[in-house]
Amino acid sequence: MRCGIIGLPQVGKTSIFRVLTHAAAPESHRYGEAQHIGVVAVPDPRLDQLAKLFSPPKITYATVEYVDVAALGQETLKETAYLAQLRQVDALFHVVRCFADDAVPHVKASVDPHRDISSVELDLLLSDLGVIENRLAKLEKDRKKIQDMELEREQPLLEKARQWLEGENPLRTAPWTEEEKKRLKGFAFLSEKPMLIVLNLGEEQWGDRERMLQEPAFQTLGQRPQTQLIAVCGKLEAELAQMPDAEAADFLASYGLAEPGRDRLIRATHEILGLITFLTVGEKECRAWSIPRGSTALDAAASIHSDLAKHFIRAEVIEWQKLLEARSLAAARQKGTLRLEGKDYVVHDGEMVHIRHSG
């Protein structure tokens, strides 16, 4: 799953990408042409604890792919190549500047996160409206030439989407039916993609972050469907990324933090992508697997290997904490905490799933 990092110029977007991916400083972007890509392991303390129990030679974490595209400008959303990059991602990671720095002028001459969030959202809405207007015009011509039920169904959906956008609402917040969602996916509308809004704070603001997040405007944003809000201090995270583990732990403690903001950002990205994690354990490997929320045991089997789904018999399932308490799969079976489930069982986040198969 891919998450596109967007934002205005000079907001710390690429710096946060480097923190997330531990990448070296990249060359400057050229609008619509350059992009930086990094695959990141999703931190998972549950997997860490189970790996200590089973001591396998290999531990494999779930991953998220980040795509850092060029900063948004007046013309970027009109660039075909730039739009193509954004349409290929599954969610958007919008970095918003909250810090003040005279050495780094704001592109709009002042720091105003609420204005910048609204401005970027409006740009995404207008881009989607342009796609809808063009498609509706083509539909009108096509319907005069041929009778097609598919075209008849598409028009009211696009009309509904246009009305929603004209009310200055992103498509991700509309009450779509499951069938409508499937049909919308083909258009890859930008405002329909889940959004993680990342407030990039200055050091002097960090101690006041909880109060900032409680501001009514931010609260309203965070309560929107498929939208999350999270605060980090990019400057502190960049410093932290350069430190040895022991020094980093002391640094975090001095700010009253239990973990780096990097870990919170990666997990929030995984969540906004609509993913959950199930675990597999054994003497050879302990592994975390990403599947869409609502997936069944059969879907989980297929994510491991298509043959497991083809020859599926049953899934052995246990909550990770109960497996940790039992100390082994054999002991969990004896205690009755390792359950047998069928192919339609809906897998929950953090469950250990072992697939029984006939192959």
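Which residue of β6 is the bridge partner of V96? In this predicted model, that partner is L199, and the close-up views below begin with the strand that holds L199.

**Figure 1. Strand β6 and the two strands that pair with it.** Strand β6 spans residues 195-200 and is mostly covered, with 6 of its 6 residues buried. In a regular strand the side chains alternate between the two faces of the sheet.

**Figure 2. Two of the aromatic pairs, one tilted and one stacked.** A search of the whole structure finds 4 aromatic pairs. Among them, F251 and Y255 form a tilted pair, with 5.3 Å from centre to centre and 50 degrees between the planes. F251 is buried, at a relative accessible area of 17%, whereas Y255 counts as partly exposed at 31% relative accessibility. The rings of F278 and W289 have their centres 6.2 Å apart, and because their planes lie at 10 degrees, the pair is stacked. This second pair links distant parts of the chain, as F278 belongs to strand β8 (residues 275-280) and W289 to strand β9 (residues 285-292), 11 residues apart. Both F278 and W289 are buried.

**Figure 3. Arginine side chains over tryptophan rings.** The charged end of R287 sits over the ring of W289, at 3.9 Å from the centre of that ring; W289 is also the stacked partner of F278. In a further example, R209 lies over the face of W206, 4.2 Å from the ring centre.

**Figure 4. Salt bridges of R211 with E215 and of E316 with R356.** The whole structure contains 26 salt bridges according to the search, and this view shows two of them. The side chains of R211 and E215 meet at 3.8 Å, N to O, and both residues are partly exposed, R211 at 48% relative accessibility and E215 at 23%. In the salt bridge between E316 and R356, the closest N and O atoms are 3.0 Å apart. The latter pair links distant parts of the chain, with E316 in strand β10 (residues 312-319) and R356 in strand β12 (residues 351-357), 40 residues apart. E316 is buried, with a relative accessible area of 3%, while R356 counts as partly exposed at 37% relative accessibility.

**Figure 5. The salt bridge between R339 and E351, and the network that includes both residues.** The closest N and O atoms of R339 and E351 are 3.5 Å apart. R339 lies in strand β11 (residues 339-341) and E351 in strand β12, so the pair ties together parts that are 12 residues apart in sequence. R339 is partly exposed, with a relative accessible area of 24%, whereas E351 counts as buried at 3% relative accessibility. Both residues belong to a network of salt bridges that links E319, K322, R339, E341 and E351.

How values were computed: Residues numbered from 1 in each chain as written. Predicted model: local features only at pLDDT ≥ 70, side-chain atom pairs only at ≥ 80, totals over all residues. Heavy atoms only, no water. Phe/Tyr/Trp six-rings, centres within 6.5 Å; stacked < 30°, edge-to-face > 60°. Buried < 20%, exposed > 50% of the residue type's maximum accessible area, 1.4 Å probe, protein only. Helix = DSSP H or I, 4+ residues; strand = E, 2+ residues; numbered from the N terminus. Lys NZ or Arg CZ within 6 Å of the ring centre and 35° of its normal. Pairing = 2+ DSSP bridges. Salt bridge = Lys/Arg side-chain N within 4 Å of Asp/Glu carboxyl O.
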